[in-house]
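This report describes the fold of one structure in words, moving from strands and helices to cores and domains. Please keep the sequence and the coordinates at hand while reading.

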Amino acid sequence: MTRQIPLGQPENQTREFKSAEVLKHLASVGREVVAMLNTTDGGMIWIGLADSGGIAVQIEPIENADREIGRIRDHCNDSIEPSPVAGEVTVEPIDDPGSGVILLITVRPSPGRGPYALREGTARQFLKRVDDRLRPMSREEIFSGFAPPRTDRPQDELSLVETHLLNLREKVPGNANGLLWMIIRPVHDPKLAVNGPSMHMYFVDPSLTGNRRTGWNFIDPSEGTHGKRQSISHGSKNGGRVTLSDNGQIEFHLPLRNLYWKGAGGSNDPDPKQIWPDCLLEFPISVFRLASTLYGKDAPGADSTVLADLALFGLRGWTLRRHSPRSFAYLFDKPAEPFQDDDLVMAQPLRFTLEEIVNEPDRCGFRLVQQVYERFGYSEDDIPQEFDRGSGKLVFPSV
Amino acid sequence: MRLDVIKTVLEESNRWWSNPNPSAFSSTVKPVKRQMFDRLMEYLGERGARRAAVLSGMRQVGKTELLKQIANALLSEGWPPSSLVYFDFADPRLPAGVTAPEVADIILRDPARGARPVLLLDEISKAANWGAWLKQAVDAQVGNLIITDSAASLIRDQAIESAPGRWDELRLEGLSFSEFLRLADPRSDSPPAIFRARPNSLERYLELGGFPEHVLEADLGLARQRLRDSIADKAIRFDLARLDVNTDRLRSFFVYLVQDSGAIFNARKRARDVDADERSIRRWVALLEDAHLVTRLDRYGHNAAARLRSKPRYYATDHGLIHAFTPMAPEAIATLRGRIIEAVVFRHLREAAREVGGQLSFFRDDSGIEADFVLDSERGRFVIQATASADPPARKLERLQKIAHDLGAVQAVVVQGGRARQPDQWRAAMPVLSLSLAEFLLDPFLVLGDRR
């Protein structure tokens, strides 16, 4: 079905126009989506339609529409609570033969899932659309949406796995010196043969999972691999450790000290609580590359859901500088503010499809890392450019 | 005018003469000290009264930094600043043809230097007549002398002319793996603890080599580029240009040799390969060895004459050179790792052999069966094989065991690219000591059954 682009028509309760410029500030799109999710009827958001006084007046074609669709989907999945389920938020390209492609976001709230919130750092914004405006939801509106859970209905599989991951996160053993914890778990078990004869090689040669030998990854060359009946683990209790279970779950622990490489000035600091951006990017991406390799062999279904969670425990006082360490911007940026909370945790695990993990593991890892940058008060642009937004790959310079 | 320039360079190189506060200088010196530091400090004590220490090593391995650390240590311990002299004969501001006697004359004629100053003289071979002067200086006990240079042959030649026994030649290699780790994270003195916090250090070390400047380099490509520039342009084009040699051809030959690091050296065959005569090839390889760019390993033989007749192997002295000078073509990558691992094992075995007074060679019989290294020491003979494989096949280990048996070795050792956590049945079946590369590099004396 071809959609009629509503040029000349006004914004209203179910229709919003945004210029192409808004793609530089995806939080604005997220606010509109949340506000429509918190209504009964939802609505449509047109991106690439400039308005004048609320009337759509001009088409602004979107370059690289496929990439932008991916960004919008990721942003909605990662910043809206609860994450939209299938069909609640769809993004599609609309081609105007004379002018180019613009994007249409269609919002169809599922009854009983709200209220929805937009997460910004540690804050939550509950917004609602009224006519063509957004307003904060009242206390009563918010609480009326939180109906007590029905105990007579069994939880669906996704919720069960989500709850399982949150419980695991709660039980992560304390580590006085801080810990990065990460988990990837398919909702439908792919039944990995974790004790297969060649499995230990993934923990010997990083290139077998697409990782750099010299990079920051889940392999510790001084440690061995230990198999149990339903799982295999590599690493040590006090160092980095990755555990694979036959239900496809991959759990990764890393002492926070391993995220320090050197100070911004190039030397070691007496109190090194500075995250080296390459470490923060590459460790999680390396684990997703492992997942991609494993799930690619035993994939249960391309569109099945996989959940991933990341937490940094004991992060208080640590800093993270913006930009790539290879850039002038990194060297000359103002000193970073130390993290103020004890722990950095996400509101909920992020959702991926198995296909995304198998085909674009780096982009999946990037989405987790983006959450960390957000908590430090940074935007996506502040993440090092070694993650190529176009190809979705993390590539370090090499001559 | 000439003397004024030398005096100015001296004043600027010895800022502690005008500002005796040690902290003004110490902030510019790296805090982590290499193992060689303690040995050099011995020459400032009783031993230094009778002999000088001449430290030689490849460019960029940290000779100058060691001299600065020694100066800093002396100043911190209260050594009179005016009796401490550092001078770099490669300082580009110096007039052409500067000689050791004229510099020494300026230093020693100044009464402020005291009766027996410490003289730290960098890149001595850039000075004319230094050998004769050093002989005289040691005999006259003008001071405690520590001298550095990048070229072994010059030091050796001067030593022969100037009567041996007046100085000891100490060789400074690139960083060992333990030193690399300690430079990467000076907060800890324990290399294994640092390695646990920085597990990718092993692969970085294999790729970057033992050059202190690059330990924390974020851009590995840039580090390799700098290494190529420093070695190819400075060590070959600058240092060796004085020896009346075609440096372009020498550089090409060096690249050829490094890309084939660890191969048996056949001068006649090499001459054909690079279109040169055999005599030139022999001279070139000697020059590269003297500049510490390549290191020779002789074939195992029951007597010295047999060793000399055999064809040796040549290794890149520092394994980082192999990576820097090998194009990253897919077909090269497959064998690159093996050559790097062999070179890095050789580098650590050399140091261990020097320490225990042992001798290293490689084994090859007439049928072509080989073992990478044979280490003869007072504790017996050890046969050592280095392999990139994480899981070497049993037949290779059986062959190694047979060589060890035939040579009457006390132990066969395999150093393997992956971890040495072999299945238990493998260990039980083969009485070969298996060490992971990381284990070995952290403590090379494990091959001798020691733990240090």
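Two strands are said to pair if DSSP finds at least two bridges between them. The model described here is predicted.

## A mixed sheet in chain B

With that rule for pairing, 5 strands of chain B make up an open sheet, whose order is β9-β10-β11-β12-β13 and whose pairing is mixed. Strands β9 (359-364) and β13 (433-436) of chain B stand at the edges with a single partner strand each, so one side of each is left without a neighbour in the sheet. From one strand to the next, the twist averages 30°.

## An enclosed strand and its crossover

Strand β2 (residues 84-88) of chain B is largely enclosed by the rest of the structure, because 4 of its 5 residues are buried. Its partner is strand β3 (residues 118-122) of chain B, to which β2(B) is joined by 5 bridges in a parallel arrangement, with Leu84(B) standing opposite Val118(B) in β3(B). Between β2(B) and β3(B) the chain passes through helix α5 (residues 100-109) of chain B, and this β-α-β crossover is right-handed.

In soluble globular proteins, nonpolar side chains tend to be buried together. The largest nonpolar core in this model has 126 residues, of which Leu120(B), Ile146(B), Val383(B) and Ile384(B) touch the most other members. Helix α17 (residues 330-356) of chain B gives the most to this core, namely 9 residues.

Leaving aside neighbours within four places in sequence, the contacts of Val383(B) include Phe363(B), Ala371(B) and Val374(B), and also Leu400(B), Ile403(B) and Ala404(B). Another core, of 64 residues, lies apart from the largest one, and among its members are Trp216(A), Trp261(A), Leu280(A) and Val372(A).

## Domains of chain A

For chain A, the domain assignment gives domain 1 (15-139) and domain 2 (157-393). The C-alpha centres of these two domains of chain A lie 29 Å apart, and 8 residues of domain 1 are in contact with 11 residues of domain 2. On the side of domain 1 of chain A that touches domain 2 of chain A, the largest share, 4 residues, comes from helix α2 (residues 65-79) of chain A.

Notes: Residues are numbered from 1 along each chain as its sequence is written. Chains are lettered from A and ligands numbered from 1 in the order in which they are written. This is a predicted model: local features need pLDDT of at least 70, side-chain atom pairs count only at pLDDT 80 or more; totals for chains, interfaces and linings use all residues. A residue is buried if 20 or more other C-beta atoms lie within 10 Å of its own, exposed if 12 or fewer, and partly exposed in between; C-beta atoms are placed from the backbone. Helices (H or I, at least four residues) and strands (E, at least two) are DSSP runs, numbered from the N terminus. A crossover is right-handed if, with the strands pointing away from the viewer, the path from the first strand over the helix to the second runs clockwise. Axes are lines fitted to C-alpha atoms, for helices over the stretch in contact, and angles run from 0 to 180 degrees between N-to-C directions. A nonpolar core is a set of buried Ala, Val, Leu, Ile, Met, Phe, Trp, Tyr and Cys residues joined through C-beta atoms within 7 Å. Two residues are in contact if their C-beta atoms, placed from the backbone, lie within 7 Å. Domain bounds come from an automatic or database domain assignment.
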